[in-house]
Amino acid sequence: MYNITYKFVRYSGYENASLNSTERAQIDLSSKTTEFPDGAAYYVDYNAQADDAYAMFQLVGQKP
């Protein structure tokens, strides 16, 4: 692998901590955050990712 990019989606969740509770944990949909460490535009720019991967391939060479 010569290039990788990430997308992180986070939610807050809540649960009733009582040992007698049978309720399931709940996700707070309004707490959603999305993070692109390399930028959202780069995440969807597949040509730029391929170009970067090729540049890295030229730098480090063929991996077995």
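The dialogue that follows goes through several features of a predicted model.

Colleague: What should I keep in mind about the kind of model this is, and how are its residues numbered?

Modeller: The model is predicted, so local features need pLDDT of at least 70 and side-chain atom pairs count only at pLDDT 80 or more, while totals for chains, interfaces and linings use all residues. Residues are numbered from 1 along each chain as its sequence is written, and side-chain values use heavy atoms, with hydrogens and water left out.

Colleague: How many salt bridges does the structure hold, and which side chains meet in a salt bridge?

Modeller: In general, side chains of opposite charge can pair when their charged atoms come close. The term salt bridge here requires a side-chain nitrogen of Lys or Arg within 4 Å of a carboxyl oxygen of Asp or Glu. The structure holds one salt bridge, in which the side chains of R10 and E35 meet at 3.0 Å, N to O. This pair links distant parts of the chain, with R10 in strand β1 and E35 in strand β2, 25 residues apart. Helices (H or I, at least four residues) and strands (E, at least two) are DSSP runs, numbered from the N terminus.

Colleague: Are R10 and E35 buried or exposed, or do they fall in between?

Modeller: Buried means under 20% relative accessible area, exposed over 50%, and partly exposed in between, with a 1.4 Å probe and protein chains only; the areas come from the Shrake-Rupley method. R10 counts as partly exposed because its relative accessibility is 43%, and E35 is partly exposed because its relative accessible area is 37%. Y11, also found in strand β1, is partly exposed at 40%, and its C-alpha is separated by 12 Å from that of A25, 14 residues away along the chain.

Colleague: Which residues form the negative surface patch, and which make the nonpolar one?

Modeller: Patches are made of residues with over 30% relative accessible area and no salt bridge, where like charges are joined within 9 Å and nonpolar side chains (Val, Leu, Ile, Met, Phe, Trp, Tyr) within 5 Å. Asp and Glu count as negative and Lys and Arg as positive, whereas His and the chain ends are not counted; the place of a charge is taken as NZ of Lys, CZ of Arg, CG of Asp or CD of Glu. The negative patch is formed by D38, D45, D51 and D52. Of these, D45 lies in the loop between α1 (40–44) and α2 (46–60), and is partly exposed because its relative accessibility is 33%. M1, I4, Y6 and F8 make a nonpolar surface patch of about 450 Å², and I4 lies in the segment before β1 (8–14).

Colleague: Where does F36 lie, and how far apart in space are F36 and F8?

Modeller: F36 lies in the loop between β2 and α1, and F36 and F8 are 6.5 Å apart in space, C-alpha to C-alpha, although 28 residues separate them in sequence. P37 is placed in the loop between β2 (26–35) and α1, with 20 Å in space and 25 residues in sequence between P37 and S12, C-alpha to C-alpha.

Conventions. Accessible areas come from the Shrake-Rupley method with a 1.4 Å probe; for residues, only the protein chains shown count as cover.
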